[in-house]
Amino acid sequence: FHQAIYEHCPNAELIEDLRQTSEKLEVTHRIAFQQIPYRGWESIREHQLLIKLIESQASFAEIEAAARQHKLGTIEAFRQQRERLELDALASAREV
């Protein structure tokens with residue numbers, strides 16, 4: 001999905017930066033889909049929304065806001081997962 005979007009960008013340096021960042025985040029994405037499986041489906045729906053916005057030639061601000069919300073949704077899912085793990089660890093420590 002992301003690569004298909006990048007192909008339409010005329011800025012070669014930006015595309016290279018995005019490619020390098022994507023490679024660094026690949027492990028994070030794999031972990032996310034393993035530890036937070038529901039996030040994958042939410043991410044697909046967010047991608048579908050982005051495609052509709054692009055196809056309908058929505059404003060840059062609207063597309064950017066949806067893309068930002070997509071990223072923030074992933075960050076929030078990680079934060080919630082970390083909190084759950086920390087609470088589980090505290091509960092386990094109390095049982096010992």
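Predicted model: local features only at pLDDT ≥ 70, side-chain atom pairs only at ≥ 80, totals over all residues.
Residues are numbered from 1 along each chain as its sequence is written, and side-chain values use heavy atoms, with hydrogens and water left out.

**Salt bridges**

- There are eight salt bridges in the structure (a side-chain nitrogen of Lys or Arg within 4 Å of a carboxyl oxygen of Asp or Glu).
- R19 pairs up with E16, with 2.3 Å between the closest N and O atoms.
- Both of them sit in helix 2 (residues 12-35), three residues apart, or about one turn of the helix (helices are DSSP runs of H or I, at least four residues, numbered from the N terminus).
- E16 is partly exposed too, at 31% relative accessibility.
- This pair belongs to a salt-bridge network that links E16, R19 and E23.
- In helix 4 (residues 60-95), R79 and E76 are three residues apart, about one turn of the helix, and their side chains form a salt bridge at 2.3 Å, N to O.
- R79 is partly exposed at 29%, and E76 is partly exposed at 31%.

- R39 and E42 meet in a salt bridge at 3.2 Å, N to O.
- Both are in helix 3 (residues 37-55), three residues apart and so separated by about one helical turn.

**How helix 3 meets helix 4**

- The two helices pack at an angle of about 175°, with axes 9 Å apart (axes are lines fitted to C-alpha atoms over the stretch in contact, and angles run from 0 to 180 degrees between N-to-C directions).
- That makes helix 3 and helix 4 roughly antiparallel (the label for angles over 145 degrees).
- On the helix 3 side, the contact residues include R39, L49, L50 and L53, and on the helix 4 side they include I63, A66, A67 and R84 (contact means heavy atoms within 4.5 Å).
- Sorted by class, this contact has nine nonpolar, six polar and four charged residues (Ala, Val, Leu, Ile, Met, Phe, Trp, Tyr, Cys and Pro count as nonpolar, Asp, Glu, Lys and Arg as charged, and the others, Gly among them, as polar).

Terms used:
Buried < 20%, exposed > 50% of the residue type's maximum accessible area, 1.4 Å probe, protein only. Parallel < 35°, antiparallel > 145°, perpendicular 65-115°, else oblique.
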